Amino acid sequence: MFEKLYSPVEKLKLAAFNNLFVKREDLIDPYISGNKWRKLKYILAKAEAEHKNHLITFGGAYSNHLVATAAAASRSGLKSTAFVRGEKVTNEMLLLCKLFGMDLIFTERESYKDKFALFEKHFKFDVNAYFIDEGGASTEAVTGCSEIVDELTDVYDHIFCAAGTGTTAAGLLDGIVKNNLKTKLHVIPVLKNGNFIKAEIVKYVPNTENLILHTDYHFGGYAKTTPELFKFIKDFTANTGLLIDPVYTAKMFYAVFDLQRNKTIKSDDKILAIHTGGLLGIFGMKDKF
Ligand SMILES: *Cc1c(COP(=O)(O)O)cnc(C)c1O
């Protein structure tokens, strides 16, 4: 779909860092943001190879994955339907989904749990329907995300990324292993009790020698925030000109700053933070700034 991806690496000019770089996955597209395109790339290719023209997927009412799938489907000439967790609501994200032509099926939380059953119930007889798991989690998604590392032209001591399902992290680790790099991958789960992310990553990439999980930067849990996190976002954006979102990338950048401050990371080490996008998430929390 994208002839040429635009995801440059930029150096951040900050007093506390000599060598902090950002891979601007957020610039790939405003709606098919960052890692969501990486995850969809080979899923779309597979759907098209199987001649499926109707993507069926799943997500919460503020899901970046739903917007990305809706936008990617419309630009590829495909139909899309999403099962949205919970009661019927309207918000900026779902508005975009609708504009991109996605059908929304609001689904109460109990039946939402069994995604394949929902797919079977509604689309068993639709030969064009193609199942995409919540967040796009799949081996195709891991392959797509590993290409982030393949594209790098410099070598880094540390790569940082935020994790929800861990699929993006698995792809980055896969890229590090495949390219024989010594780079450490620092993963910041944005949910509470984020240790489960390791098991998710191991499903795809058994060699976790270079993996470091930092489970203390969830700020209370998924989509939970604190005044300190909002202060960080405001300072960071004012000082760098980069927008970050409260759900994923702010927690990741907060961790980079904190680990550098407490000397876990040396100030001369070469760091690459993956800006995975998700900026529409700002609008879901606009009253908190
Ligand atoms: C979805 C998302 C993530 C998490 O990706 P996983 O592969 O689920 O771990 C990280 N950052 C942003 C901006 C996202 O939208």
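Me: How many cavities of 30 Å³ or more does the structure hold?
Reply: In this predicted model, the structure holds one cavity of 30 Å³ or more.

Me: And what lines the largest cavity?
Reply: The lining of the largest cavity, which has about 30 Å³ of space, is made by P30, Y31, S33, N64, V67, G278, L279 and L280.

Me: Where does the largest pocket lie relative to the domains, and why?
Reply: The largest pocket lies between domain 1 (9–30 + 139–288) and domain 2 (37–136), because both domains give residues to its lining.

Me: How does its lining divide into nonpolar, polar and charged?
Reply: The lining of the largest pocket divides into 19 polar residues, 14 nonpolar ones and seven charged ones.

Me: What about the second largest pocket, which residues line it?
Reply: The second largest pocket has about 200 Å³ of space, and its lining consists of L14, E228, K231, F232, D235, F236, N239, Y254, F257 and R261. Helix 9 (227–240) and helix 10 (249–261) are the elements that give two or more residues to this lining.

Me: Which helix gives the most there?
Reply: Helix 9 gives the most to the lining of the second largest pocket, contributing six residues. Sorted by class, that lining has five nonpolar, four charged and one polar residue.

Me: Switching to the ligand: which residues come nearest?
Reply: Of the 14 residues around the ligand, those that come nearest are K36, K39, T165, T168 and T276.

Me: What are the distances from the ligand to the K36 and K39 side chains?
Reply: For K36, an N or O atom in the side chain is 2.7 Å from an oxygen atom of the ligand, while for K39 the corresponding distance from a side-chain N or O atom to a ligand oxygen atom is 2.8 Å.

Me: And T165?
Reply: A polar atom in the side chain of T165 lies 2.6 Å from an oxygen atom of the ligand.

Me: How much of the ligand's accessible area does the protein cover?
Reply: On its own the ligand has 380 Å² of accessible area, and the protein covers 97% of that area.

Technical notes:
Residues are numbered from 1 along each chain as its sequence is written. This is a predicted model: local features need pLDDT of at least 70, side-chain atom pairs count only at pLDDT 80 or more; totals for chains, interfaces and linings use all residues. Side-chain values use heavy atoms; hydrogens and water are left out. Ala, Val, Leu, Ile, Met, Phe, Trp, Tyr, Cys and Pro count as nonpolar, Asp, Glu, Lys and Arg as charged, and the others, Gly among them, as polar. Domain bounds come from an automatic or database domain assignment. On a 1 Å grid over the protein atoms alone, a cavity is a set of points where a 1.4 Å probe fits but cannot get out, and a pocket is an open set with protein on both sides within 12 Å along at least five of seven lines; lining residues have an atom within 4 Å of a point. Grid points are joined across faces, edges and corners, and a volume is the space filled by probe spheres set on the points. Helices (H or I, at least four residues) and strands (E, at least two) are DSSP runs, numbered from the N terminus. A residue is near a molecule or strand if one of its heavy atoms lies within 4 Å of it. A polar contact is a pair of N or O atoms within 3.5 Å; within protein, one must be able to donate a hydrogen and the other to accept it, and residues adjacent in sequence count only if both atoms are side-chain atoms. Accessible areas come from the Shrake-Rupley method with a 1.4 Å probe; for residues, only the protein chains shown count as cover.
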